[in-house]
Amino acid sequence: MKKIVLVAAMALSTCILAQEMVTKPVQSYQTAQYNAKKKAFVDALLAKMTLDEKIGQLNLPSAGDFTTGQAQNSDIGKKIENGLVGGLFNIKGAEKIRAVQKVAVEKSRLKIPLIFGMDVIHGYETNFPIPLGLAASWDMNLIQQSAKVAAREASSDGISWTFSPMTDISREPRWGRISEGSGEDPYLGSEIAKHMVYGYQGKDLSLSNTIMACVKHFALYGAGEGGMDYNTVDMSRVRMFNEYFPPYKAAVDAGVGTVMASFNEVEGIPATGNRWLQTEILREKWGFNGFVVSDYTGINEMIDHGMGDLQQVSALSLKAGIDMDMVGEGFLKTLKKSLEEGKVTQAEIDQAAKRVLEAKYDLGLFEDPYRYGDVKLAAKEVSSLENRNIARNTAAQSMVLLKNENNVLPLKKSGTVAVIGPLVNNSLNMAGTWSVGAKHANAISLMKGLQDNFGKEVKFISAKGANIDYSEKLESIYAAHGKLTDRDNRPKEVILKEALDVANKADVIVLAIGESAEMSGESSSRSEITIPQSQVDLLNELKKTGKPIAMVLFTGRPLALTNVKDLPEVILNVWFAGTEAGNAISDVLFGKINPSGKLPVTFPRSLGQVPIYYNHKNTGRPLSAEKTAKCEYDRFRANYMDECNTPLYPFGYGLSYTNFTYSDMSVSNTNPKGNQSIQASVTVKNSGNYDGAEVVQLYIRDMVGSITRPVKELKGFEKVFLKKGENKKITFTITPEDLKFYNNALKYDWEEGEFDVMIGTNSADVQHTKIYWSK
């Protein structure tokens with residue numbers, strides 16, 4: 001019997017909160033009768049509106065955090081009163097939002113309500129793991145539930161629109177916003193995209209505990225050259241459709257209400273002014289019928305792209321299919337003139353305004369403009385114990401155990417533990433990037449989590465040991481958005497000595513190192529993707545103590561860990577785990593929860609390998625499997641002289657405190673025909689000593705195609721919980737739909753031939769069965 005065995009360590013029971021089954025919410029309100037009523041209402045309202053009021057609906061300024069008294073007296077307040085604002089974002093709090101809405105519905109001529117948006121990216125005040133961390137859970141129940149909790153909290157506090165999910169595929173770890181997406185794979189990214197939409201929007205957008213989602217950034221934002229944010233993107237349409245478009249389309253198919261354009265250019269035209277993207281693909285090919293919003297000043301930024309002055313780029317955007325202008329006010333300032341000069345049409349302005357009004361109708365704002373935001377409800381809902389418990393469990397499930405030598409984890413609930421590192425006591429950094437609504441002081445730091453949960457049984461002693469970076473200048477850049485790094489300006493030798501003294505008094509070291517929260521995220525590109533040298537030096541010195549080291553890795557991106565991976569016994573990747581970070585990390589370290597996360601993105605050995613991703617294509621001179629496995633160089637083959645071809649940790653990788661043994665794979669039919677379906681099965685056994693969860697992964701390779709095909713593609717996965725000694729047969733049903741791809745003519749179909757079916761525990765550790773599928 002062939003076995004695939006995960007590296008084992010001491011095992012434990014996994015405690016998983018009860019969750020709702022993942023289901024696609026039925027959009028029950030979108031009946032023919034409903035749509036007819038909506039059309040009649042919106043058409044009648046449009047007929048009453050002046051040109052200025054129509055253009056006003058297309059204007060989305062950022063309000064900042066208004067005080068209640070500013071609602072009417074500020075510049076934005078006066079524009080609202082004059083019907084020149086369609087929505088606002090960055091206001092927080094039910095009372096403040098109600099005051100602004102009151103101006104719109106009581107002071108403006110037509111009393112059209114505003115829509116209020118916010119970047120509710122991975123939770124509102126209760127923050128869940130960063131999206132890359134959520135993706136590492138491979139658990140659609142938890143992911144959908146996280147969006148549902150975020151919607152409940154945000155809506156109770158007045159928010160009805162979120163700029164999430166971000167579905168940009170990225171194979172570029174230098175890009176900071178990789179932290180905000182779901183990784184490198186279109187299949188996994190698509191599954192996550194649709195379940196985030198389901199969680200936010202539910203079955204009825206007009207319910208006061210749901211919010212409208214916005215898929216972003218359309219399109220290709222994650223493929224910027226050099227990993228630099230906002231940078232140029234250039235790729236073939238075949239690659240767009242097969243590798244980058246699927247998650248956006250999945251969100252559209254799931255009923256997402258809005259779409260946000262990306263900053264980058266596509267085929268030489270900025271996405272914000274790209275009609276092929278925003279109209280021909282999004283609306284005509286995919287059938288999207290919501291509204292499209294620019295990103296922050298995205299229209300204005302086309303001036304620097306070289307597309308013309310503000311009037312020109314504003315007209316270009318409207319004609320491309322942009323309906324709402326975020327912050328830039330190009331529409332507000334220029335569309336009237338462009339209409340007079342024949343550069344845009346009345347029909348184009350009317351269409352954009354109609355789409356915005358239809359979204360407000362779907363949200364129920366015309367029926368009750370105050371339905372979102374209830375001070376008393378918000379007091380009960382926001383940061384409730386129930387929500388924090390869900391976030392705590394989700395955070396624990398997202399953590400990826402990369403290494404666990406000598407069964408160091410789970411830690412013993414006795415003795416002395418030294419907790420060392422620059423992130424040990426820093427609650428401000430636990431939520432990670434894009435945690436706009438969070439109250440960071442309420443987050444649980446690692447040290448607090450350890451003390452609160454295990455302080456009666458274990459003696460915890462701590463020291464900082466090092467700053468995030470030796471460079472004070474860099475560390476000041478990292479400390480953005482109020483997420484201070486608590487820099488210690490004493491001599492580094494003094495800081496290090498304190499840590500060594502503490503380490504020498506302990507039985508084991510928990511070392512919290514990596515990135516700080518804002519070292520990833522928007523405008524946080526890094527030219528190097530290693531742990532800063534200050535922290536590497538700390539690790540090297542602690543290694544000399546001879547004490548076992550459990551490294552708790554904080555990161556918002558894949559890091560090149562080759563220079564440190566052999567030093568600690570344990571590497572536990574905790575991403576940025578959110579509000580309950582300290583509690584969740586403690587749960588995993590001490591075995592209350594068995595880690596089950598799997599990497600949603602490849603970790604390279606070195607920067608020189610980037611981009612590196614599992615679903616690559618072969619060259620005409622691939623390195624042999626034998627030499628690849630041995631990391632041997634072969635001249636005139638596709639390989640490096642000074643580096644292996646393989647990643648440090650492959651896509652789908654993650655260990656457990658228990659063992660999982662795979663039986664031989666069976667396939668029900670190795671010669672299927674036409675529209676038949678087949679089943680590929682494997683029996684997985686928990687052969688360790690404790691309960692745990694495993695993510696069983698299905699990959700397929702199309703061996704010969706009319707265009708070159710990837711060496712493997714994820715086509716299914718199942719996360720299964722098994723008690724110790726338990727086994728379960730996992731069966732994947734494969735149909736011709738799983739074989740389809742876009743060919744050189746952009747026709748979506750499958751081709752008969754030989755396929756390699758693979759099942760395994762990660763993308764590199766799989767077993768194979770060949771089949772031949774004929775038409």
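The protein chain holds 23 helices and 26 strands; helices (H or I, at least four residues) and strands (E, at least two) are DSSP runs, numbered from the N terminus. This is a predicted model, in which local features need pLDDT of at least 70 and side-chain atom pairs count only at pLDDT 80 or more, while totals for chains, interfaces and linings use all residues. Residues are numbered from 1 along each chain as its sequence is written, and side-chain values use heavy atoms, with hydrogens and water left out.

**Overall dimensions and surface**

- For 775 residues, a compact globule would have a radius of gyration near 28 Å, and the 26 Å of the protein chain agrees with that. The radius is taken over C-alpha atoms, and the globule rule is 2.2 Å times the number of residues to the power 0.38.
- Along the principal axes, the C-alpha atoms fill a box of roughly 75 × 65 × 45 Å.
- The accessible surface of the protein chain is about 28,400 Å², and carbon and sulfur atoms account for 49% of that surface. Accessible areas come from the Shrake-Rupley method with a 1.4 Å probe; for residues, only the protein chains shown count as cover.
- Of the 775 residues, 62% count as buried. Buried means under 20% relative accessible area, exposed means over 50%, and partly exposed is in between (1.4 Å probe, protein chains only).
- Among contacts between residues at least 6 apart in sequence, 79% join residues at least 24 apart; a contact means heavy atoms within 4.5 Å.
- The protein chain carries 89 positive and 90 negative side chains, and the centres of the two sets are 3 Å apart. Lys and Arg count as positive and Asp and Glu as negative, with His and the chain ends not counted. The place of a charge is taken as NZ of Lys, CZ of Arg, CG of Asp or CD of Glu.

**Nonpolar cores**

- The largest nonpolar core has 115 residues, and those with the most contacts inside it are Ile-80, Leu-88, Trp-161, Phe-218, Leu-220, Phe-245 and Val-293. Such a core is a set of buried Ala, Val, Leu, Ile, Met, Phe, Trp, Tyr and Cys residues joined through side-chain atoms within 4.5 Å.
- Leaving aside neighbours within four places in sequence, Leu-88 is in contact with residues including Leu-60, Ile-76, Ile-80, Val-100, Leu-114 and Phe-116.
- A second, separate core has 89 residues, among them Met-551, Leu-553, Phe-576 and Val-610.
- In soluble globular proteins, nonpolar side chains tend to be buried together.

- Helix α10 spans residues 246–253, and its buried residues include Pro-247, Tyr-248, Ala-250, Ala-251 and Val-252.
- The cover over the buried residues of α10 includes α8 (186–201), β5 (214–218), α9 (237–244) and α11 (275–285).
- A cis peptide bond joins Lys-216 and His-217, with omega about -10 degrees. His-217 is found in strand β5.

**The loop between β11 and β12**

- Pro-410 is found in the loop between β11 (400–404) and β12 (416–420). The peptide bond joining Leu-409 and Pro-410 is cis, with omega about -5 degrees.
- Asn-406 is placed in the loop between β11 and β12. Its phi is positive, about 60 degrees, although Asn-406 is not a glycine. Asn-406 counts as exposed at 66% relative accessibility.
- Val-408, found in the loop between β11 and β12, is buried, with a relative accessible area of 13%.
- Leaving aside neighbours within four places in sequence, Val-408 is in contact with Val-508, Pro-548, Glu-569 and Val-570. Val-408 and Val-570 are 162 residues apart in sequence, and their C-alpha atoms are 7.0 Å apart.

**Other individual residues**

- Glu-267 lies in the loop between β7 (265–266) and β8 (269–270). Its phi is near 55 degrees, a positive value in a residue other than glycine. Glu-267 is partly exposed, with a relative accessible area of 37%.
- Glu-81 is found in helix α4 (residues 75–81) and counts as partly exposed at 29% relative accessibility. Glu-81 and Arg-487 are 406 residues apart in sequence and 47 Å apart in space, C-alpha to C-alpha.
- Gln-533 lies in helix α21 (residues 533–543) and is partly exposed, with a relative accessible area of 44%. Gln-533 and Asn-467 are 66 residues apart in sequence and 9.9 Å apart in space, C-alpha to C-alpha.
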